[in-house]
Amino acid sequence: KRYTTYTPSPTTKTGRPRSEKSIIQEVEDFAREFENDCKSNPDLEKRLTVNQLSARWIAEYCEMQLSPTTVNSYKKLLEQRILPRVGPVRTSEISPYSIQKFINDIFITSERLDGKEGKPLSSGTVKKIHITMSSMFSWAVSQGLMSSNPCENVKSVKNKRKTRDIKSWDAEQARTFITAMQEQEISTQFKLFFHIALFCGMRRG
C-alpha cells in the first residue's frame, strides 16, 4: 500500500479565495491521478533500497522530530555499521531471517572502532544497531513503504561471560586451616563463620 497527503491552496494564483467546489474538484483530481500512478507502478516500493530508505527516514522523520544528539547517533550507526553491509539491498528482500543473520554476523565479525583488537562488539552496541534498524523499518511501515517490520521477531545477542577456574582446598589444606584457626585467638563468631564457609563450599559472590 502507498499513502500520501495533499493540501490544496485556499486561494487562486491572484490571491482571491477559491470556491469550495473548485477545491473539492482539485482534491478528487489529485486522488484519481495518485490512484492511477499506483496502479501503473505496482512495484515502486520493491525498488526501494535500504540506502534510499535511510536517507528518507533521516530527512523526513528524524531531523524533523528528534533531538540533534539522537539524529547524529542514528547517522553514525547507519554510516559505520548498517549501510556498508545492507545499504544496496532492496527493502522487499529484507526478512526477519536476513536481519537475524545480519545481527549475528555483525556481532561476530565487525571490527571495533575503539581500537580494542580481538574483542567482539559489545552486546550494547549490537542492541543499538538493532533498535536503529527497527525504528527505521517501523517508520517505513507507517508510511506505506513496507508491509511489515522485519526486526520485530529478531533476537539481539549477548556477550558470554568468561568462565573462571575456581580453586578450592583439598582435605589436607582444610585441616591445616582449621588447626591454625584453633591455635589463634579468634572469636567464636568468626570460627563459626569460617566453618560454615568451609563445609558448605561458600565463596565470594
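Colleague: Is Cys-62 buried or exposed?

Modeller: Start with the cut-offs. Buried means under 20% relative accessible area, exposed means over 50%, and partly exposed lies in between, with a 1.4 Å probe and protein chains only. Cys-62 is buried because its relative accessibility is 0%. Cys-151 is buried too, at a relative accessible area of 3%. One caution: this is a predicted model, where local features need pLDDT of at least 70, side-chain atom pairs count only at pLDDT 80 or more, and totals for chains, interfaces and linings use all residues. Residues are numbered from 1 along each chain as its sequence is written, and side-chain values use heavy atoms, with hydrogens and water left out.

Colleague: How many disulfides are there?

Modeller: A disulfide is a covalent bond between the sulfur atoms of two cysteines. The test here is a pair of cysteine sulfur atoms within 2.5 Å. By that rule there are zero disulfides.

Colleague: How many helices and strands does the protein have?

Modeller: Both are DSSP runs, numbered from the N terminus: helices are H or I with at least four residues, strands are E with at least two. The protein has seven helices and zero strands. Along the sequence the pattern reads α-α-α-α-α-α-α. Of its 205 residues, 25% are buried.

Colleague: Which residues of H4 are buried?

Modeller: An α-helix has 3.6 residues a turn, so residues three or four places apart point the same way. In H4 the buried residues are Ile-99, Gln-100, Phe-102, Ile-103, Ile-106 and Phe-107. They lie on the same side of H4, because they cover an arc of only 160 degrees around the axis. That arc is taken from the directions from the helix axis to the C-beta atoms. On the face turned away from this buried side sit the exposed residues Tyr-97 and Ile-108. Asn-104 is also in H4. Asn-104 counts as partly exposed because its relative accessibility is 29%.

Colleague: What covers the buried residues of H4?

Modeller: Contact means heavy atoms within 4.5 Å. The cover includes helix H3 (68-86) and helix H5 (123-142). Buried residues of H5 pack against helix H2 (50-65), H3 and H4. Among those buried in H5 are Val-126, His-130, Phe-137 and Trp-139.

Colleague: At what angle do the axes of H3 and H5 cross?

Modeller: Axes are lines fitted to C-alpha atoms, for helices over the stretch in contact, and angles run from 0 to 180 degrees between N-to-C directions. Angles under 35 degrees count as roughly parallel, over 145 as roughly antiparallel, 65 to 115 as roughly perpendicular and the rest as oblique. The H3 and H5 axes come within 10 Å and cross at roughly 85 degrees. H3 and H5 are therefore roughly perpendicular to each other. Residues that meet there include Tyr-74, Leu-77 and Arg-81 in H3, and Ile-129, Met-133 and Met-136 in H5.

Colleague: Where is Leu-66, and what does Leu-66 touch?

Modeller: Leu-66 is in the loop between H2 and H3. Not counting residues up to four places away in sequence, Leu-66 touches Tyr-61, Val-71 and Tyr-74. Leu-66 is partly exposed, with a relative accessible area of 26%.
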